[in-house]
Each structure stands twice: as structure tokens, then as C-alpha cells.
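Hi everyone, thanks for making time. Could you bring up the structure on the screen, please? I'd like to walk you through its pockets, its core and the parts to treat with care.

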Amino acid sequence: MAPLEDLLAARPIDASPDLSPAEQEPWPAVRLLIVVVLVMATLLAGVLVYDTIGRPDPVTTTPVSDPFEVDGPLDEAPDGRTWTTTGGQWTVADGVASPSSEPVAHTAVLDAGVPGGEVAATVARIGPGMRLFFRWQDEQNHWSLQRGDRLATWMLVRTRDGRPERVGITGLSGTSVGTRVSVLLVDDEIHVLLAGVERLVHSDPFLADAHIGGMGATGGAPPVGAFDDIVVRPPFVPSS
């Protein structure tokens, strides 16, 4: 019998098993599956980062909707946010909001939390000085959509440093009781809709970062204007 050393030298031991090429490397389908899993994990991580960091605070950016269902002074919206008023107290009665008997211009505004979005309300009773406010900074600087007291039209008014300037008009259009008046804000653009129909578009960067909106009317002897179902809505909450 040959010595063990001669047998080993004659037949070297192969440390690698005798595998086919398909067995020596992972299958192509397995490789593809691994890549897909890694890509999906990366995308999910990005979504989670946006959800926890990039998304605005829902407490301050939810829409404010007030159907004026509770009679009494106009103090708080249903979600607890406070109405800020000037000129005198507003009162809620019979499902609508109207200013007090003081014969001056009254305003009532709410903070949407972020710029843009929508301010909308329904004409519930006709009276002088009716308007919607948006891009409101203060009494001296804001935008408004004013109902014509003599003509059936709405006027777009920019007030800067206390000086109002009419910059647009809807032409002959709905101003009667039941008309839904809406102002949509998209970047610098202002879109005016009456009963769901766009009647005016105006572009202006003035106060585009402001995020307060509301309503106005002149108080005094009847008839006094009144609104119903007001909404101050941020841009990323879908309109119902």
C-alpha cells in the first residue's frame, strides 16, 4: 500500500464542493427581491420622516367651520378658536351672525394657521357694508371682497396702510340671500367664486403670507347684513 503522503499528493483535496454555476451564485430572482425590499424600506423611511417633521401641526391648520348654531355673543368657533372682533360685538341668532346696533363697520376674523386656502360664507340677510376678509394682517392692512350696496356685484379691495383700493370687480353677479361667496387663495392668486362659479382672478403678492380671514358688515338700524356657515380653510385640507 502506498504511503499516505503519496496518496494525498496524487489526488489533491478540493475544498470547494462541485457546484453548478446556478448553485454557486444567488438566483437572479432572489437578487431582484433583495433590491426591491431595500428600495421600499428607503421610501418608507422618507415618508416617516415627512410625517413626523415636515407635516404642519394639525392643531393649528385644521379648517375652522362655524355654522352659527349656538345663539348668543360671537365668541368662539366650535373648535375653540376665538373670534377677534372690531367695531362692536357680533351676535348669533336663528342660525346667522350679524353685527350689533352700533352704526359702524364691524369685523370678525379667525386664524387659519397657515396662508392660502379658502374663506367662504353664505349671505343670510342683506345689509350695508357686507364683505369677506382674507389675507388679514390688521385693520389697516388686509384684503376684502365687498358686496355692492347699489349694484349686484362684488368688489375686490386691497387695503394698504389704511387706504382701500378697488382692484377688481365681478360684474353683474349673485348678491342675494343664499349666495355662497368663496375666495380661494393659491400662492399670489386670488380666485373669487359665486355659487361655485369663478367670476374673478387677480394676482398680487401683497400679504400673501397672512393667514387670517373672516367677515364684516355695518351695524345700526335694520336691515343689518348677516352671514351663515363661514369657513376659514387652510390649503391642504380638501374642500368638502
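The lining of the second largest pocket splits into eight nonpolar residues, five charged and one polar. Remember as we go that this is a predicted model. That pocket holds about 180 Å³ of space. Nearest its centre, among the 14 lining residues, you'll find D66, F68, E69, V70 and E76.

Now, the largest pocket has a volume of about 260 Å³. Of its 21 lining residues, A105, T107, R131, F133 and H142 sit closest to the centre. Which elements give two or more residues to that lining? They are β6 (105-111), β8 (131-138), β9 (141-147), β10 (154-160) and β15 (212-218). By type, this lining has 13 polar residues, six nonpolar and two charged.

On to the core. In soluble globular proteins, nonpolar side chains tend to be buried together. Here the largest nonpolar core has 36 residues, and those touching the most other members are F68, L74, W83, F134, I190 and M215.

Finally, confidence. The chain's mean pLDDT is 82, with 74% of residues at 70 or more. Residues 7-17 stay under 50, and the model gives them two contacts beyond four places in sequence. Residues 46-60 are also below 50, with eight contacts beyond near neighbours in sequence. Thanks, all!

Key:
Residues numbered from 1 in each chain as written. Predicted model: local features only at pLDDT ≥ 70, side-chain atom pairs only at ≥ 80, totals over all residues. Heavy atoms only, no water. Core = buried A, V, L, I, M, F, W, Y, C linked by side-chain atoms within 4.5 Å. Buried < 20%, exposed > 50% of the residue type's maximum accessible area, 1.4 Å probe, protein only. 1 Å grid on protein atoms, 1.4 Å probe; cavity = no way out; pocket = protein on both sides within 12 Å on 5 of 7 lines; lining within 4 Å. Points joined across faces, edges and corners; volume = space filled by probe spheres on them. Helix = DSSP H or I, 4+ residues; strand = E, 2+ residues; numbered from the N terminus. Nonpolar A, V, L, I, M, F, W, Y, C, P; charged D, E, K, R; others polar. pLDDT = per-residue confidence, 0-100. Contact = heavy atoms within 4.5 Å.
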